[in-house]
Amino acid sequence: MHTKSRDNWVAAAFVAPFVIAYLVLFLYPTVRMVILTFTDAPLIGAGKWIGFKNYQRLFNDKAYLSAVWNTGYFVLLTVIPNTLLGLVFAMMVNRQKGYVQSFILAAFFLPYILPVSVVYRIWEWMMDYQFGIAQHALDAFYGERVAVFRNKIWAMPMMAFVTIWWTIGFNVLLFIAGLRNISQDMYDASALDGAKRWKQFRYITWPLIWPVTALVLTIQLILQLKIFDQIYLLTLGGNVNNTMVLVQYIYKQAFQLNKGGYGATVAFSLFAIIVVVSVLQYQALRARPR
Amino acid sequence: MNLLKIDFAGRLITLVTLAIAIVWAFPLYWAVITTLKPEFEVAQPGLNLLPKTWTLGAYTHVLTTTKIGQWYVNSVVVAVSVTVLVVMMGALCGYALSQLRFRGRTALWFTVLASFMVPIQALIVTHFVLMSQFGLINSWLGIVLPQLIVPVVVIVYKQFFDSVPKDFREAARVDGANEFDIFFRIYLPMNWGVTTALAIITFIGAWNAFLWPFLVSTADDTMTVTVGITMVKENFGVQYARNLAAAVLAALPVAIAYLVFQRRVTQAIMLSAGIKG
C-alpha cells in the first residue's frame with residue numbers, strides 16, 4: 001500500500017505540468033465556451049443567461065449560414081485537390097534520384113514551412129492587379145486582368161490555390177513515405193507480366209497507398225474547416241462578406257462586434273461540425289478501394 | 001534489347017516534373033529578387049529576372065522605419081518559450097503514461113486523445129477572456145500560454161518510450177535509480193533524436209503562428225514578427241520591395257531552421273501525422 005501511493009505521487013510529479021496546463025488552458029476554456037453560448041455576454045464582462053436564444057439566432061442568421069457555406073466551398077476546393085495533387089507530386093519526386101530529386105522536393109516543400117503572413121505577401125505581390133507577374137498569365141489565358149482576391153467568383157478558388165501551393169509539401173512528404181513502403185518487387189513482377197504504368201498505378205500503387213490517402217484526407221479536412229489566416233489576410237480591404245469563413249465569423253462577432261456569447265456559439269458550432277464530419281469521414285474512409 | 005530502348009514517356013514525365021517544380025518555386029524566387037530591386041524598378045512591367053540595379057534599400061528601410069527588431073525579439077522569446085515548455089511537458093507526461101502505473105492513467109490517456117477533437121481556433125473567445133483576466137493581453141506570456149496545448153507531443157513521446165527495451169529500466173532500478181534518474185539519464189537521452197525533431201517543428205509552428213498572436217497583441221511593441229509584417233501600412237504608392245523585404249526577414253529563421261535540420265523536420269512531420277519513421 002505504501003509504495004503504491006508513493007508511485008502515484010511520483011507519477012503526479014511527471015504529469016502535473018501538462019495536466020495543469022491542460023486544465024487551465026484547454027478544459028476550462030472549453031467548458032467556459034459552452035457556458036458562454038447561453039449568455040448575451042460581451043467579449044469581456046458578464047452577461048445575462050438567455051437560454052437557447054443564441055442557437056435559435058444561429059439558424060436564422062444569413063451571415064452565419066453563408067459562412068458555413070463558404071467554409072464548405074473552401075473545403076471542397078482544397079481537400080481533394082490538395083490530396084490528389086500531393087500524391088501526383090510524390091510519385092513525380094519518387095521517380096527521380098540524387099540532386100534532381102532534392103531540388104524538386106525542396107520546390108514543393110519549402111513553401112510549407114513559411115509563415116502565413118509571408119505567403120500572403122508573396123501572393124499579394126504575384127497577383128497585384130497592376131504589377132503582379134501572374135496577371136500576365138491571367139491575361140494570356142483568360143483574356144483580361146482580374147483583381148482576384150476582391151472578385152466574387154475568383155476569390156475562393158484563388159485562395160484555395162494559394163493554400164495548396166503553401167501546404168502541399170506536407171502531403172507530398174506523407175505520400176513519399178507511403179510510396180517507399182511499397183515493395184519494388186511488386187512493380188518488377190508486374191512489369192514482367194507486361195503491366196504498363198497506368199495498370200501498375202491502378203492495381204498496385206493506389207490500393208497500397210490508400211491508408212496514407214485516407215490519413216491525408218482526414219488531416220486536410222479538419223485543417224481546412226478551421227481556415228482563417230490566409231483568407232483574412234488576402235481579403236484585407238476587400239469585400240469580406242463574400243469570403244467570410246467560420247473562424248472569421250467567430251472573430252467578427254466576438255472581437256469586432258463585441259458579442260462574446262454569440263461568438264462562442266459560432267465557435268461551438270464549428271466544434272460540433274468538426275466532430276460530426278470527422279466521425280462521418282472516419283466511417284467512410286474505413287472502406288478500402290478494391 | 002530492352003535496355004537500349006529509350007523510355008520516351010519516362011523522359012517526358014521527368015521534363016514535366018522539372019517544369020512544375022520550377023513554376024512551383026518561382027514565387028519564392030520572385031519574392032526574394034523583388035526585394036533587391038529599387039521600388040521604381042519593381043513597378044516596371046515585364047519579367048525582369050534580375051534587378052538592373054541591385055540594392056538593399058528595401059531592407060534598410062524596413063529595419064529603420066518599422067519595429068521589426070522588437071518584433072524579432074518578441075518572436076524569439078515566444079517561440080523559444082513555447083518550444084521548451086511544450087517539449088518538456090510532453091516528455092514528462094509521455095513518460096508517465098508509458099512507464100508508470102498510477103491511478104487515472106487510462107483516463108488521462110483518453111483525455112489526451114480526445115482533445116484532438118476540439119479545434120483550438122474555437123477557443124479564441126475564451127482564451128482571450130482568460131488572458132485578460134490574468135492581465136496578460138499584450139504580453140509575452142499571453143501569447144505563449146494558449147499555444148502550450150499540443151497533445152500530439154505527448155502521444156509521440158509515449159510511443160517512443162514504449163519501445164525502449166525494459167531491460168534498461170530493470171537494470172537502473174537494481175542500481176537504485178529513481179524514476180527521475182531513469183527519465184533524465186536513460187529515456188530522454190536515448191530519444192534525443194525525437195526531442196530534436198519535435199523541438200524544431202514546435203519552434204517553426206510557434207514562429208509561424210498567426211491567429212492567436214494576432215488577437216492577443218494589439219500594440220506595436222508586443223507583436224510577433226509574423227503578425228507585425230502584416231501591419232505595415234501602405235500609405236502611398238507601391239512598396240512591394242519593402243513589404244517583401246519584411247516578409248523575407250520574417251521567414252529567415254524558419255527557412256534556416258529547415259535547411260539546417262532538413263531531415264529532422266521531415267521526420268517530425270511524419271511523427272506528428274502518426275507515421276513513425
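Domain bounds here come from an automatic or database domain assignment. With that in mind, chain B splits into domain 1 (2–60) and domain 2 (63–272), and 33 Å separate the centres of these two domains of chain B, taken over C-alpha atoms. This is a predicted model, where local features need pLDDT of at least 70 and side-chain atom pairs count only at pLDDT 80 or more, while totals for chains, interfaces and linings use all residues. Residues are numbered from 1 along each chain as its sequence is written, and chains are lettered from A and ligands numbered from 1 in the order in which they are written.

**Where the two domains of chain B touch**

- Two residues are in contact if their C-beta atoms, placed from the backbone, lie within 7 Å; by that rule, 11 residues of domain 1 of chain B touch 11 residues of domain 2 of chain B.
- On the domain 1 side, α1 (8–35), α2 (39–42) and α3 (57–65) of chain B each give two or more residues. (Helices are DSSP runs of H or I with at least four residues, numbered from the N terminus.)
- The largest share of that side, 4 residues, comes from α1(B).
- Sorted by class, the domain 1 side has 6 nonpolar, 3 polar and 2 charged residues. (Ala, Val, Leu, Ile, Met, Phe, Trp, Tyr, Cys and Pro count as nonpolar, Asp, Glu, Lys and Arg as charged, and the others, Gly among them, as polar.)

**Where chain A meets chain B**

- Here 64 residues of chain A are in contact with 73 residues of chain B.
- Helix α1 (residues 2–36) of chain A gives the most to chain A's side, with 17 residues.
- That side of chain A has 52 nonpolar, 6 polar and 6 charged residues.

**One residue to look up: A:Val15**

- You'll find A:Val15 in helix α1 of chain A.
- A:Val15 counts as buried because 23 other C-beta atoms lie within 10 Å (the cut-off is 20 or more).
- Beyond its neighbours within four places in sequence, A:Val15 is in contact with B:Cys93, B:Ala96 and B:Leu108.

**A helix pair across the chains**

- The axes (lines fitted to C-alpha atoms over the stretch in contact) of α12 (residues 260–286) of chain A and α6 (residues 124–133) of chain B come within 8 Å and cross at roughly 135 degrees.
- A:Gly260, A:Gly263, A:Ala264 and A:Ala267 meet B:Val125, B:Thr126 and B:Val129.

Methods
Buried ≥ 20, exposed ≤ 12 C-beta atoms within 10 Å, placed from the backbone. Axes fitted to C-alpha atoms, helices over the stretch in contact; angles between N-to-C directions.
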